[in-house]
Amino acid sequence: MCTPFREVMLALALVLATLMPGLSPALAQEAPADSAAAAAAVPIALPNVMDVRVTATPERARLVIDLAAKTEFALVSLDNPNRLAIDVRAATFSVPEPVGTPAGGGMIEQYAVEQAGPDRVRTTLTLTGPAQVQQAYVLDPFEDQPARLVVDIIPATAAEFATNVARDLVASNSVPTAAASTPAGGSELPLATRPLVVIDPGHGGIDSGAEAVGGAKEKDIVLAFSLKLQQLLIASGRFDVALTREDDSFLKLEERVALARANKADIFISIHADSFQQPDIRGASVYIRDENATDVLDKLLAESENKSDIIAGFAAPQMAPEVVDILLDLMRREMRQLSYTLAEDVVRQLEPSVTMRRFPVRQADFFVLQAPDVPSILVELGFLSNADDIANLMQGDWQDRTAEALARGISAYFDNLAKPE
(Lines give C-alpha, C1' and ligand atoms only; values in the text may rest on other atoms or scores of the structure.)
Protein backbone atom coordinates (compact mmCIF):
# COMPACT_ATOMS: atom_id res chain seq x y z
CA MET A 1 0.00 0.00 0.00
CA CYS A 2 2.87 2.36 0.78
CA THR A 3 5.13 1.38 -2.08
CA PRO A 4 4.75 4.68 -3.98
CA PHE A 5 5.80 6.58 -0.86
CA ARG A 6 8.88 4.39 -0.43
CA GLU A 7 9.82 5.02 -4.05
CA VAL A 8 9.48 8.77 -3.50
CA MET A 9 11.73 8.51 -0.43
CA LEU A 10 14.38 6.62 -2.39
CA ALA A 11 14.28 9.18 -5.18
CA LEU A 12 14.56 11.96 -2.63
CA ALA A 13 17.57 10.23 -1.10
CA LEU A 14 19.31 10.27 -4.47
CA VAL A 15 18.49 13.96 -4.94
CA LEU A 16 19.82 14.80 -1.49
CA ALA A 17 22.96 12.83 -2.18
CA THR A 18 23.51 14.96 -5.29
CA LEU A 19 22.82 18.24 -3.55
CA MET A 20 24.85 17.32 -0.46
CA PRO A 21 27.91 15.48 -1.80
CA GLY A 22 29.73 15.61 1.50
CA LEU A 23 27.22 13.18 3.01
CA SER A 24 26.98 9.42 2.47
CA PRO A 25 23.34 8.43 2.91
CA ALA A 26 22.85 4.72 3.53
CA LEU A 27 19.68 4.78 1.43
CA ALA A 28 21.34 6.05 -1.76
CA GLN A 29 23.44 3.66 -3.83
CA GLU A 30 24.88 4.52 -7.24
CA ALA A 31 23.74 2.23 -10.05
CA PRO A 32 26.16 0.91 -12.68
CA ALA A 33 26.35 2.91 -15.92
CA ASP A 34 24.67 0.07 -17.80
CA SER A 35 22.65 -1.65 -15.10
CA ALA A 36 20.58 -3.71 -17.55
CA ALA A 37 23.68 -5.12 -19.22
CA ALA A 38 25.30 -5.76 -15.85
CA ALA A 39 22.23 -7.62 -14.63
CA ALA A 40 22.16 -9.75 -17.77
CA ALA A 41 25.82 -10.62 -17.37
CA VAL A 42 25.45 -11.84 -13.77
CA PRO A 43 23.67 -15.20 -13.32
CA ILE A 44 21.00 -15.28 -10.62
CA ALA A 45 22.14 -17.41 -7.67
CA LEU A 46 19.28 -19.62 -6.54
CA PRO A 47 19.10 -20.39 -2.81
CA ASN A 48 19.24 -23.66 -0.93
CA VAL A 49 16.24 -25.11 0.88
CA MET A 50 17.60 -25.62 4.39
CA ASP A 51 14.73 -27.25 6.26
CA VAL A 52 11.07 -28.22 5.96
CA ARG A 53 8.72 -28.51 8.94
CA VAL A 54 5.08 -29.62 8.95
CA THR A 55 2.68 -29.40 11.88
CA ALA A 56 -0.90 -30.62 11.65
CA THR A 57 -4.13 -31.00 13.60
CA PRO A 58 -7.60 -31.99 12.34
CA GLU A 59 -8.47 -28.25 12.07
CA ARG A 60 -5.38 -26.80 10.39
CA ALA A 61 -1.80 -27.41 9.26
CA ARG A 62 1.27 -25.29 8.67
CA LEU A 63 4.23 -25.82 6.37
CA VAL A 64 7.41 -23.81 7.07
CA ILE A 65 10.29 -23.91 4.58
CA ASP A 66 13.62 -22.38 5.67
CA LEU A 67 15.50 -20.77 2.79
CA ALA A 68 19.03 -19.48 2.40
CA ALA A 69 17.52 -16.42 0.69
CA LYS A 70 14.12 -15.08 -0.28
CA THR A 71 12.75 -16.63 -3.48
CA GLU A 72 9.60 -17.27 -5.51
CA PHE A 73 7.06 -20.02 -4.85
CA ALA A 74 4.03 -21.67 -6.41
CA LEU A 75 1.19 -23.83 -5.08
CA VAL A 76 -1.03 -26.43 -6.70
CA SER A 77 -3.80 -28.88 -5.70
CA LEU A 78 -3.60 -32.46 -7.04
CA ASP A 79 -5.93 -35.44 -6.76
CA ASN A 80 -5.67 -39.26 -6.88
CA PRO A 81 -4.50 -39.11 -4.12
CA ASN A 82 -5.34 -35.71 -2.68
CA ARG A 83 -2.16 -33.63 -2.37
CA LEU A 84 -0.82 -30.12 -2.18
CA ALA A 85 2.47 -29.45 -3.99
CA ILE A 86 4.56 -26.42 -3.09
CA ASP A 87 7.48 -25.45 -5.33
CA VAL A 88 10.15 -22.93 -4.42
CA ARG A 89 12.68 -21.59 -6.89
CA ALA A 90 15.86 -23.12 -5.49
CA ALA A 91 18.92 -24.93 -6.86
CA THR A 92 19.47 -27.40 -4.02
CA PHE A 93 18.08 -28.68 -0.74
CA SER A 94 19.75 -29.95 2.42
CA VAL A 95 16.68 -30.89 4.43
CA PRO A 96 17.65 -33.16 7.36
CA GLU A 97 14.50 -35.30 6.96
CA PRO A 98 13.14 -35.05 3.39
CA VAL A 99 10.38 -37.59 4.08
CA GLY A 100 8.29 -37.51 7.21
CA THR A 101 4.98 -37.74 9.04
CA PRO A 102 3.74 -34.72 11.01
CA ALA A 103 3.43 -35.28 14.74
CA GLY A 104 -0.16 -35.66 15.86
CA GLY A 105 -1.53 -36.79 12.49
CA GLY A 106 -4.37 -34.52 11.51
CA MET A 107 -4.80 -33.13 8.00
CA ILE A 108 -1.41 -34.26 6.63
CA GLU A 109 -0.66 -37.95 6.24
CA GLN A 110 2.95 -37.48 5.14
CA TYR A 111 5.26 -35.10 3.30
CA ALA A 112 8.19 -35.48 0.92
CA VAL A 113 10.84 -33.09 -0.40
CA GLU A 114 12.50 -33.59 -3.79
CA GLN A 115 14.53 -31.78 -6.44
CA ALA A 116 11.85 -31.40 -9.10
CA GLY A 117 14.06 -29.56 -11.58
CA PRO A 118 17.36 -27.73 -11.82
CA ASP A 119 15.82 -24.57 -10.36
CA ARG A 120 13.02 -25.84 -8.15
CA VAL A 121 12.53 -27.87 -4.98
CA ARG A 122 9.12 -29.39 -4.36
CA THR A 123 7.42 -30.29 -1.10
CA THR A 124 4.43 -32.59 -1.56
CA LEU A 125 1.87 -32.93 1.23
CA THR A 126 -0.33 -36.02 1.09
CA LEU A 127 -3.68 -35.11 2.63
CA THR A 128 -5.99 -37.19 4.80
CA GLY A 129 -8.95 -35.30 3.32
CA PRO A 130 -9.81 -32.31 1.11
CA ALA A 131 -7.87 -29.18 2.10
CA GLN A 132 -6.93 -25.76 0.73
CA VAL A 133 -4.29 -23.11 1.27
CA GLN A 134 -5.57 -20.37 3.54
CA GLN A 135 -2.56 -18.06 3.15
CA ALA A 136 1.06 -18.24 2.03
CA TYR A 137 3.78 -15.65 2.44
CA VAL A 138 7.56 -15.29 2.49
CA LEU A 139 9.38 -13.72 5.45
CA ASP A 140 12.70 -11.97 5.00
CA PRO A 141 15.72 -13.25 6.96
CA PHE A 142 15.93 -11.63 10.39
CA GLU A 143 18.97 -11.71 12.70
CA ASP A 144 19.75 -15.44 13.11
CA GLN A 145 16.51 -16.57 11.42
CA PRO A 146 16.63 -17.57 7.72
CA ALA A 147 14.14 -16.50 5.08
CA ARG A 148 10.96 -18.55 5.39
CA LEU A 149 7.98 -19.57 3.32
CA VAL A 150 4.93 -20.07 5.56
CA VAL A 151 1.88 -21.90 4.20
CA ASP A 152 -1.29 -22.24 6.32
CA ILE A 153 -3.72 -24.98 5.33
CA ILE A 154 -7.35 -25.50 6.38
CA PRO A 155 -10.01 -28.12 5.56
CA ALA A 156 -12.06 -27.81 2.37
CA THR A 157 -15.16 -29.51 1.08
CA ALA A 158 -14.79 -32.14 -1.62
CA ALA A 159 -16.37 -29.70 -4.09
CA GLU A 160 -13.95 -26.91 -3.16
CA PHE A 161 -10.96 -29.21 -3.54
CA ALA A 162 -12.18 -30.48 -6.92
CA THR A 163 -12.63 -26.88 -8.09
CA ASN A 164 -9.07 -26.03 -7.05
CA VAL A 165 -7.68 -29.07 -8.86
CA ALA A 166 -9.52 -28.15 -12.07
CA ARG A 167 -8.44 -24.50 -11.82
CA ASP A 168 -4.78 -25.44 -11.34
CA LEU A 169 -4.90 -27.90 -14.24
CA VAL A 170 -6.20 -25.17 -16.57
CA ALA A 171 -3.54 -22.76 -15.32
CA SER A 172 -0.87 -25.40 -15.85
CA ASN A 173 -1.86 -25.95 -19.47
CA SER A 174 -1.62 -22.19 -20.15
CA VAL A 175 1.99 -21.90 -18.90
CA PRO A 176 4.78 -22.16 -21.53
CA THR A 177 6.89 -25.34 -21.25
CA ALA A 178 9.99 -23.20 -20.59
CA ALA A 179 8.59 -22.24 -17.17
CA ALA A 180 10.62 -24.85 -15.31
CA SER A 181 9.64 -23.48 -11.89
CA THR A 182 5.98 -24.35 -12.32
CA PRO A 183 4.72 -27.35 -10.31
CA ALA A 184 3.10 -30.16 -12.25
CA GLY A 185 -0.49 -29.13 -12.67
CA GLY A 186 -0.03 -25.58 -11.39
CA SER A 187 1.12 -22.08 -12.20
CA GLU A 188 3.56 -19.65 -10.64
CA LEU A 189 2.11 -17.17 -8.17
CA PRO A 190 3.36 -13.69 -7.25
CA LEU A 191 5.14 -13.31 -3.94
CA ALA A 192 2.92 -10.54 -2.61
CA THR A 193 -0.72 -10.24 -3.57
CA ARG A 194 -2.29 -9.00 -0.35
CA PRO A 195 -1.41 -6.46 2.33
CA LEU A 196 0.70 -7.85 5.17
CA VAL A 197 -0.65 -7.12 8.65
CA VAL A 198 1.80 -7.70 11.51
CA ILE A 199 0.15 -8.21 14.91
CA ASP A 200 2.36 -7.77 17.97
CA PRO A 201 1.07 -9.47 21.15
CA GLY A 202 2.79 -7.44 23.88
CA HIS A 203 5.23 -8.86 26.41
CA GLY A 204 5.89 -12.63 26.63
CA GLY A 205 8.37 -14.99 28.25
CA ILE A 206 10.08 -13.47 31.28
CA ASP A 207 8.05 -10.28 30.76
CA SER A 208 4.49 -10.99 31.94
CA GLY A 209 3.29 -7.40 31.58
CA ALA A 210 0.45 -6.31 33.84
CA GLU A 211 -1.15 -8.83 36.18
CA ALA A 212 -4.68 -8.91 37.62
CA VAL A 213 -5.45 -9.57 41.27
CA GLY A 214 -6.63 -13.07 40.38
CA GLY A 215 -3.37 -13.88 38.57
CA ALA A 216 -4.37 -13.31 34.95
CA LYS A 217 -1.33 -12.07 33.00
CA GLU A 218 -1.33 -9.49 30.23
CA LYS A 219 1.01 -11.58 28.05
CA ASP A 220 -1.49 -14.48 27.96
CA ILE A 221 -4.56 -12.33 27.37
CA VAL A 222 -3.08 -10.38 24.47
CA LEU A 223 -1.67 -13.51 22.79
CA ALA A 224 -5.06 -15.24 22.87
CA PHE A 225 -6.71 -12.08 21.51
CA SER A 226 -4.08 -11.66 18.78
CA LEU A 227 -4.61 -15.24 17.59
CA LYS A 228 -8.37 -14.55 17.33
CA LEU A 229 -7.70 -11.39 15.36
CA GLN A 230 -5.27 -13.22 13.08
CA GLN A 231 -7.85 -15.88 12.23
CA LEU A 232 -10.54 -13.29 11.48
CA LEU A 233 -8.25 -11.34 9.14
CA ILE A 234 -7.08 -14.49 7.36
CA ALA A 235 -10.66 -15.74 6.99
CA SER A 236 -11.56 -12.50 5.20
CA GLY A 237 -9.25 -13.55 2.35
CA ARG A 238 -7.92 -9.99 2.10
CA PHE A 239 -4.73 -10.11 4.15
CA ASP A 240 -1.59 -12.03 4.94
CA VAL A 241 -1.16 -11.93 8.71
CA ALA A 242 1.95 -12.59 10.80
CA LEU A 243 2.46 -12.43 14.56
CA THR A 244 5.67 -11.23 16.20
CA ARG A 245 5.23 -14.12 18.62
CA GLU A 246 2.93 -17.14 18.54
CA ASP A 247 3.87 -18.56 21.92
CA ASP A 248 5.14 -17.48 25.33
CA SER A 249 8.46 -16.11 24.09
CA PHE A 250 10.26 -12.85 24.84
CA LEU A 251 11.13 -10.34 22.13
CA LYS A 252 12.88 -7.03 22.61
CA LEU A 253 10.97 -3.98 21.50
CA GLU A 254 13.36 -3.21 18.67
CA GLU A 255 13.05 -6.82 17.44
CA ARG A 256 9.28 -6.39 17.10
CA VAL A 257 9.73 -3.21 15.08
CA ALA A 258 12.50 -4.76 12.98
CA LEU A 259 10.30 -7.75 12.08
CA ALA A 260 7.62 -5.45 10.68
CA ARG A 261 10.12 -3.34 8.77
CA ALA A 262 12.15 -6.25 7.38
CA ASN A 263 9.02 -7.85 5.97
CA LYS A 264 7.66 -4.55 4.59
CA ALA A 265 4.47 -4.75 6.63
CA ASP A 266 1.60 -2.59 5.44
CA ILE A 267 0.48 -1.98 9.03
CA PHE A 268 1.75 -2.92 12.51
CA ILE A 269 -0.67 -3.36 15.44
CA SER A 270 0.62 -3.91 18.98
CA ILE A 271 -1.90 -5.39 21.43
CA HIS A 272 -1.78 -4.64 25.18
CA ALA A 273 -3.93 -4.64 28.35
CA ASP A 274 -2.30 -2.51 31.02
CA SER A 275 -2.89 -1.51 34.62
CA PHE A 276 -2.90 1.70 36.64
CA GLN A 277 -2.92 2.57 40.34
CA GLN A 278 -6.39 4.12 40.03
CA PRO A 279 -8.81 1.18 39.68
CA ASP A 280 -11.65 3.33 38.38
CA ILE A 281 -9.83 4.01 35.10
CA ARG A 282 -11.06 1.63 32.42
CA GLY A 283 -11.82 1.23 28.73
CA ALA A 284 -10.03 0.59 25.45
CA SER A 285 -7.94 3.13 23.58
CA VAL A 286 -5.78 3.33 20.46
CA TYR A 287 -2.39 5.03 20.42
CA ILE A 288 -0.22 6.54 17.75
CA ARG A 289 3.33 7.61 18.47
CA ASP A 290 4.15 11.11 19.58
CA GLU A 291 6.97 12.30 21.77
CA ASN A 292 4.43 14.43 23.67
CA ALA A 293 2.02 12.19 25.56
CA THR A 294 -1.69 13.06 25.63
CA ASP A 295 -1.73 13.16 29.42
CA VAL A 296 0.25 11.99 32.45
CA LEU A 297 -1.27 8.49 32.39
CA ASP A 298 -0.30 8.00 28.74
CA LYS A 299 3.28 9.04 29.54
CA LEU A 300 3.44 6.60 32.45
CA LEU A 301 2.04 3.76 30.35
CA ALA A 302 4.59 4.40 27.59
CA GLU A 303 7.45 4.56 30.07
CA SER A 304 6.28 1.28 31.62
CA GLU A 305 6.26 -0.51 28.26
CA ASN A 306 9.61 0.91 27.14
CA LYS A 307 11.24 0.07 30.47
CA SER A 308 11.08 -3.67 29.72
CA ASP A 309 13.57 -3.17 26.90
CA ILE A 310 15.88 -0.99 28.99
CA ILE A 311 16.02 -3.80 31.52
CA ALA A 312 16.80 -6.27 28.71
CA GLY A 313 19.88 -4.22 27.81
CA PHE A 314 18.64 -2.28 24.81
CA ALA A 315 20.93 0.54 23.68
CA ALA A 316 19.71 3.18 21.26
CA PRO A 317 21.53 3.23 17.90
CA GLN A 318 24.02 5.98 17.08
CA MET A 319 22.83 9.08 15.31
CA ALA A 320 22.38 8.65 11.56
CA PRO A 321 23.96 10.99 8.98
CA GLU A 322 22.20 14.30 8.38
CA VAL A 323 20.60 13.24 5.13
CA VAL A 324 19.07 10.17 6.76
CA ASP A 325 17.68 12.40 9.51
CA ILE A 326 15.96 14.51 6.86
CA LEU A 327 14.46 11.44 5.20
CA LEU A 328 13.35 9.94 8.48
CA ASP A 329 11.62 13.16 9.44
CA LEU A 330 9.69 13.23 6.16
CA MET A 331 8.82 9.56 6.41
CA ARG A 332 7.66 9.86 10.00
CA ARG A 333 5.35 12.72 9.11
CA GLU A 334 3.74 10.58 6.42
CA MET A 335 3.56 7.50 8.66
CA ARG A 336 2.09 9.55 11.51
CA GLN A 337 -0.74 10.68 9.25
CA LEU A 338 -1.39 7.12 8.03
CA SER A 339 -1.21 5.82 11.62
CA TYR A 340 -3.74 8.44 12.71
CA THR A 341 -6.06 7.42 9.88
CA LEU A 342 -5.72 3.76 10.89
CA ALA A 343 -6.41 4.62 14.55
CA GLU A 344 -9.53 6.59 13.63
CA ASP A 345 -10.88 3.77 11.44
CA VAL A 346 -10.28 1.24 14.24
CA VAL A 347 -11.87 3.43 16.93
CA ARG A 348 -14.88 4.09 14.69
CA GLN A 349 -15.56 0.34 14.64
CA LEU A 350 -14.69 -0.28 18.31
CA GLU A 351 -16.87 2.45 19.82
CA PRO A 352 -20.26 0.73 19.21
CA SER A 353 -18.93 -2.58 20.56
CA VAL A 354 -16.80 -1.90 23.65
CA THR A 355 -16.30 0.66 26.39
CA MET A 356 -13.71 3.22 25.30
CA ARG A 357 -11.69 5.80 27.20
CA ARG A 358 -12.57 9.44 26.76
CA PHE A 359 -10.76 10.74 23.65
CA PRO A 360 -9.91 7.16 22.55
CA VAL A 361 -7.36 8.13 19.87
CA ARG A 362 -4.37 9.05 21.97
CA GLN A 363 -0.66 9.75 21.64
CA ALA A 364 2.33 8.45 23.59
CA ASP A 365 5.98 7.71 22.98
CA PHE A 366 5.71 3.91 22.73
CA PHE A 367 8.92 2.47 21.32
CA VAL A 368 7.10 -0.17 19.22
CA LEU A 369 5.42 2.63 17.24
CA GLN A 370 8.68 4.15 16.03
CA ALA A 371 8.97 2.49 12.58
CA PRO A 372 9.46 5.36 10.09
CA ASP A 373 8.03 3.40 7.17
CA VAL A 374 5.18 1.30 8.63
CA PRO A 375 1.87 2.78 9.85
CA SER A 376 1.68 1.63 13.48
CA ILE A 377 -0.86 1.70 16.30
CA LEU A 378 -0.99 0.29 19.82
CA VAL A 379 -4.35 -0.98 21.05
CA GLU A 380 -4.95 -1.01 24.81
CA LEU A 381 -7.82 -3.46 25.25
CA GLY A 382 -8.49 -2.35 28.82
CA PHE A 383 -7.04 -2.26 32.32
CA LEU A 384 -6.25 -5.28 34.47
CA SER A 385 -6.51 -2.95 37.44
CA ASN A 386 -10.26 -2.46 36.81
CA ALA A 387 -12.75 -5.18 37.79
CA ASP A 388 -15.14 -4.53 34.89
CA ASP A 389 -12.33 -4.57 32.32
CA ILE A 390 -10.90 -7.79 33.79
CA ALA A 391 -14.30 -9.47 33.51
CA ASN A 392 -14.54 -8.41 29.86
CA LEU A 393 -10.97 -9.40 28.97
CA MET A 394 -11.55 -12.91 30.33
CA GLN A 395 -14.88 -13.36 28.51
CA GLY A 396 -14.90 -15.16 25.18
CA ASP A 397 -17.89 -13.22 23.79
CA TRP A 398 -16.22 -9.88 24.56
CA GLN A 399 -12.97 -11.02 22.98
CA ASP A 400 -14.80 -12.16 19.83
CA ARG A 401 -16.82 -8.94 19.56
CA THR A 402 -13.76 -6.76 20.05
CA ALA A 403 -11.61 -8.74 17.61
CA GLU A 404 -14.37 -8.54 14.99
CA ALA A 405 -14.63 -4.77 15.45
CA LEU A 406 -10.86 -4.37 15.18
CA ALA A 407 -10.83 -6.48 12.02
CA ARG A 408 -13.55 -4.27 10.52
CA GLY A 409 -11.49 -1.20 11.34
CA ILE A 410 -8.46 -2.64 9.58
CA SER A 411 -10.54 -3.45 6.52
CA ALA A 412 -12.01 0.05 6.52
CA TYR A 413 -8.51 1.55 6.59
CA PHE A 414 -7.46 -0.32 3.46
CA ASP A 415 -10.81 0.41 1.79
CA ASN A 416 -10.27 4.12 2.37
CA LEU A 417 -6.70 3.97 1.05
CA ALA A 418 -7.97 2.41 -2.17
CA LYS A 419 -10.50 5.17 -2.79
CA PRO A 420 -9.46 7.82 -5.33
CA GLU A 421 -8.63 11.17 -3.75
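A contact means heavy atoms within 4.5 Å. Keep in mind that this is a predicted model, where local features need pLDDT of at least 70 and side-chain atom pairs count only at pLDDT 80 or more, while totals for chains, interfaces and linings use all residues. Residues are numbered from 1 along each chain as its sequence is written, and side-chain values use heavy atoms, with hydrogens and water left out.

The protein chain has 9 helices and 17 strands. These are DSSP runs numbered from the N terminus: helices are H or I with at least four residues, strands are E with at least two. Of the chain's 421 residues, 48% count as buried, meaning under 20% relative accessible area with a 1.4 Å probe, protein chains only.

Five strands line up in the order 5-1-2-10-9 to form an open sheet with mixed pairing. Strands 5 (92-93) and 9 (131-139) are at the edges with a single partner strand each, so one side of each has no neighbour in the sheet. Two strands pair if DSSP finds at least two bridges between them. Strand 1 (residues 48-56) and strand 5 do this in the parallel sense, over 2 bridges, and Asn48 has Thr92 of strand 5 as its bridge partner. Across strand 2 (61-67) and strand 9 lies helix 4 (residues 218-235), at about 110° to strand 9. That angle is between N-to-C directions, on a scale from 0 to 180 degrees, with axes fitted to C-alpha atoms, for helices over the stretch in contact.

**Two cores**

A nonpolar core is a set of buried Ala, Val, Leu, Ile, Met, Phe, Trp, Tyr and Cys residues joined through side-chain atoms within 4.5 Å.

| Core | Number of residues | Some members |
|---|---|---|
| Largest nonpolar core | 44 residues | Leu233, Ile271, Ile377, Ile410 |
| Another core, apart from it | 31 residues | Val54, Ile108, Leu125, Phe161 |

Beyond its neighbours within four places in sequence, Ile271 touches residues including Ile199, Val222, Phe225, Val379 and Leu406.

**Helix 5**

Helix 5 (residues 253-262) has buried residues too: Leu253, Glu255, Arg256, Val257, Leu259 and Ala260. After this helix comes Lys264, with a positive phi near 50°.

Technical notes: Buried < 20%, exposed > 50% of the residue type's maximum accessible area, 1.4 Å probe, protein only.
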